[in-house]
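Hi,

Here's the structure I promised to pass on.

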Amino acid sequence: MTSTSWTDFRAAEPAFADTVRRRFEQYRHHVLATLRTDGSPRLTGLEVDFWRDEPHLGMMPNSRKALDLRRDPRFSVHANPGPDAEMADGDVRISGRAVEVTDPAVLARFIEERKPPEPFHLFRVEPTEVVRVGLEGGDTLVIGTWRPGRPLRTIRRGNDEGTPPRDA
């Protein structure tokens with residue numbers, strides 16, 4: 001699993017990174033997937049905070065999701081789809097590694113600027129994959145996928161079973 005910083009992702013694909021960030025910022029609560037001890041998935045709600053232009057995940061102390069990430073940092077976070085089925089701004093998710101922030105000076109700055117309920121765990125996101133799925137023209141599914149070290153890949157897929165997905 002090759003991860004990178006959000007800053008590196010944003011430098012490589014600034015428009016795509018901004019689209020993903022705006023989508024996460026539309027709603028407060030999102031869905032986080034972590035791995036339980038037995039390897040099965042755990043889904044829980046949480047907030048994604050783009051503090052200092054990087055996504056961070058904050059959690060209550062010793063919550064199951066925080067303990068999951070401390071043991072195995074792999075995660076996927078899916079943006080809240082919103083109140084209806086239209087998904088006008090698409091569907092986005094970030095997968096990667098969650099790195100716990102333990103530096104007291106960094107935590108102090110976060111507390112000063114964000115005023116979270118204390119105590120808490122704070123994890124910085126290192127993306128391994130960023131995906132946006134949306135509709136174009138009402139019937140064409142457009143899937144944008146970015147991974148570290150690779151260019152943004154966009155696939156278009158129609159609603160016709162006879163038409164295979166195609167790179168854009």
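**Helix H4 and what comes after**

Helix H4 is followed by Lys115, which has a positive phi, near 55°. (Helices, H or I with at least four residues, and strands, E with at least two, are DSSP runs numbered from the N terminus.) Before going on, some ground rules: this is a predicted model, where local features need pLDDT of at least 70 and side-chain atom pairs count only at pLDDT 80 or more, while totals for chains, interfaces and linings use all residues. Residues are numbered from 1 along each chain as its sequence is written, and side-chain values use heavy atoms, leaving out hydrogens and water.

In the loop between H4 and S6 you'll find Pro119, and a cis peptide bond joins it to Glu118, with omega about -5°.

**Salt bridges**

A salt bridge here is a side-chain nitrogen of Lys or Arg within 4 Å of a carboxyl oxygen of Asp or Glu. By that rule there are 16.

Arg21 and Glu25 make another, at 2.8 Å between the closest N and O atoms. Both lie in helix H2 (residues 14-25), four residues apart, about one turn of the helix. An α-helix has 3.6 residues a turn, so residues three or four places apart point the same way. Arg21 and Glu25 also belong to a salt-bridge network with Arg10, Asp18 and Asp53.

Asp53 has a positive phi of about 65° although it is not a glycine, and it sits in the loop between strand S2 (41-51) and strand S3 (54-59). With 31% relative accessibility, Asp53 counts as partly exposed (buried means under 20% relative accessible area, exposed over 50%, partly exposed in between, using a 1.4 Å probe and protein chains only). Asn62 has a positive phi as well, near 55°. It lies in the loop between S3 and helix H3 (64-71) and is exposed, at 52%.

**A buried Glu**

Glu126 is in strand S6 (residues 121-136). Its relative accessibility is 16%, so Glu126 counts as buried.

Cheers
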